[in-house]
Amino acid sequence: SPNGNIPGVAKAVRVVENAVGTVQTTFPEVLSDFHTATISIVAPCIQVSAQCAYPAGTNCFPAEASVQFTGYVTNCGDIRLTNVTVGSRAAQLINAAPPFLPLLPLTLDPGQAVGFQGSFTPTIAEISAGTAANPLTARGTDISAIGGPNASVTNQMTINCAICPVA
C-alpha cells in the first residue's frame, strides 16, 4: 500500500528479486525461485511555529524590553525523530511546560509537539525600524534502520515582532 490508503496495511511496497538479482516491483509469478522483501516507506517531517508573546493588552514590545516569543516544534511525520533541536537568535530556549528547563535535543514521536519560549534583546536598528525579526530553525533525524544514512529534516520560519515607537 504505497500511499497508505488500505486500512490496516502499513506503507510498504512488495518487491520480487528475480534469478539474476534484479528487484522488480511487479509480481511475475512465472519465476521458479524468487525472494520477497518489504520496503518500508517512511516520511520524516518536522515543523516549527512561533508567535510573539506581547505584554497583556498590547500589540508591541516597549523599546527598552526584551522581545519574548513562544512556539512549538512538532513531529509531523510518521517516524520517531531524534536529536531534535530548535535554533533561534535567543541565547537559550526554555521548555514551555514546568519545570521550564532548557530545551535540549529531544526525541519526538509521530504527532508529538513540544512547546518552547525564549527572548532576545532587539538591536538599536530594530528599535528604530519598529520591528524585530526572529528566524527559527528546527532539525531532527529519523530512526529508520535501512542500512544507509538516516534522513535529516529541517523546517524554518521567521517571526517579526512589533516594537512600540519611542515617545
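Colleague: Where is Asn 83 found?

Modeller: Asn 83 is in strand β6, residues 81–87. Strands here are DSSP E runs of at least two residues, numbered from the N terminus. Keep in mind that this is a predicted model: local features need pLDDT of at least 70, side-chain atom pairs count only at pLDDT 80 or more, and totals for chains, interfaces and linings use all residues. Residues are numbered from 1 along each chain as its sequence is written, and side-chain values use heavy atoms, with hydrogens and water left out.

Colleague: What is the phi of Asn 83?

Modeller: Positive, about 50 degrees, although Asn 83 is not a glycine. Its relative accessibility is 49%, so Asn 83 counts as partly exposed. That class sits between buried, under 20% relative accessible area, and exposed, over 50% (1.4 Å probe, protein chains only).

Colleague: And Phe 100, what about its phi?

Modeller: Phe 100 has a positive phi too, about 55 degrees, and is not a glycine. It lies in the loop between β7 and β8. At 44% relative accessibility, Phe 100 is partly exposed.

Colleague: Is the peptide bond from Pro 98 to Pro 99 cis or trans?

Modeller: Cis, with omega near 10 degrees. Pro 99 lies in the loop between β7 (94–95) and β8 (106–108).

Colleague: Switching to sheets. What is the strand order in the open sheet of four strands?

Modeller: β4-β5-β9-β7, with antiparallel pairing. β4 (46–52) and β7 are the edges; each has a single partner strand, so one side of each has no neighbour in the sheet. Two strands pair if DSSP finds at least two bridges between them.

Colleague: How many bridges join β4 to β5?

Modeller: Seven, and the two strands run antiparallel. β5 covers residues 67–75. Cys 52 has Phe 69 as its bridge partner in β5. For Gln 47, the partner in β5 is Thr 74.

Colleague: Which β4 side chains are buried?

Modeller: They alternate along the strand. Ile 46, Val 48, Ala 50 and Cys 52 point to one face and are buried.

Colleague: Now the largest nonpolar core. Which residues touch the most other members?

Modeller: Phe 69, Val 73, Val 86, Phe 116 and Leu 136, out of 27 residues. β4 gives the largest share, four residues. A nonpolar core is a set of buried Ala, Val, Leu, Ile, Met, Phe, Trp, Tyr and Cys residues joined through side-chain atoms within 4.5 Å.
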